Amino acid sequence: MRVLVADDSRVMRQIVVRTLRQAGYDWQVREAANGAEALEAVREDEPDVVLSDWNMPEMTGIELLRRLRAEGFETPFGFVTSEGSAEMRETADEAGALFLIAKPFTAESFREVIEPVLA
């Protein structure tokens with residue numbers, strides 16, 4: 001599996017990657033520092049899944065998801081973000097996200113939302 005992790009915080013990208021590994025996912029990882037970088041990365045080589053922060057400079061995660069869908073990409077997409085309000089979850093769902101994991105998260109919480117996506 002190939003995953004693209006998009007977050008403007010390098011430390012948070014590393015935490016997401018480490019948590020994926022702790023959850024048992026030894027995936028090939030690419031990183032993007034914002035939504036615009038992530039969009040280009042998907043266009044160049046579409047990953048199997050995208051894990052994105054919501055709030056990023058240049059292009060937010062929700063803008064990234066909407067742009068990908070508008071361009072015809074059906075890449076499985078999930079948010080890993082500091083906010084997890086009902087409104088955000090609804091917006092993410094309507095835009096086509098498969099899940100939203102709110103920080104702080106654990107390896108177990110990653111498995112709970114990712115396993116159904118892989119099935």
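This section describes the fold, the surface and selected residues of a predicted protein model.

The model is predicted, so local features need pLDDT of at least 70 and side-chain atom pairs count only at pLDDT 80 or more, whereas totals for chains, interfaces and linings use all residues. Residues are numbered from 1 along each chain as its sequence is written, and side-chain values use heavy atoms, with hydrogens and water left out.

The secondary structure comprises five helices and five strands. Helices (H or I, at least four residues) and strands (E, at least two) are DSSP runs, numbered from the N terminus. Read from the N terminus, the order of elements is β-α-β-α-β-α-β-α-β-α.

The radius of gyration, taken over C-alpha atoms, is compared with a globule rule of 2.2 Å times the number of residues to the power 0.38. For 119 residues, a compact globule would have a value near 14 Å; the protein has 13 Å, which agrees. The C-alpha trace spans about 30 × 30 × 30 Å along its principal axes.

Buried residues account for 45% of the 119 residues. Buried means under 20% relative accessible area, exposed over 50%, and partly exposed in between, with a 1.4 Å probe and protein chains only.

The protein exposes about 6,000 Å², of which carbon and sulfur atoms supply 46%. Accessible areas come from the Shrake-Rupley method with a 1.4 Å probe; for residues, only the protein chains shown count as cover. There are 13 positive and 23 negative charges, and their mean positions are 4 Å apart. Lys and Arg count as positive and Asp and Glu as negative, without His and the chain ends. Each charge is placed at NZ of Lys, CZ of Arg, CG of Asp or CD of Glu.

Strand β4 covers residues 77-81. Five of its five residues are buried, so the strand is largely enclosed by the rest of the structure. In a regular strand the side chains alternate between the two faces of the sheet. Both faces of β4 are covered. Phe77, Phe79 and Thr81 are buried on one side, and Gly78 and Val80 are buried on the other.

Strand β3 (residues 49-52) runs parallel to β4, and three bridges join them. Two strands pair if DSSP finds at least two bridges between them. Leu51 stands opposite Gly78 of β4. Ser52 also lies in β3. Ser52 is buried, at 1% relative accessibility. Beyond neighbours within four places in sequence, Ser52 contacts Phe77, Gly78, Phe79 and Val80, as well as Ala6, Gly61 and Leu64.

Ala32 belongs to strand β2 (residues 28-32). Its relative accessible area is 1%, so Ala32 is buried. With neighbours within four places in sequence set aside, the contacts of Ala32 are Leu4, Val5, Ala6, Asp7, Arg13, Glu37 and Ala38. Ala32 and Leu65 are 33 residues apart in sequence, and their C-alpha atoms are 14 Å apart.

The C-alpha atoms of Ala107 and Gly24 are separated by 8.3 Å, although the two residues are 83 apart along the chain.

Notes. Contact means heavy atoms within 4.5 Å.
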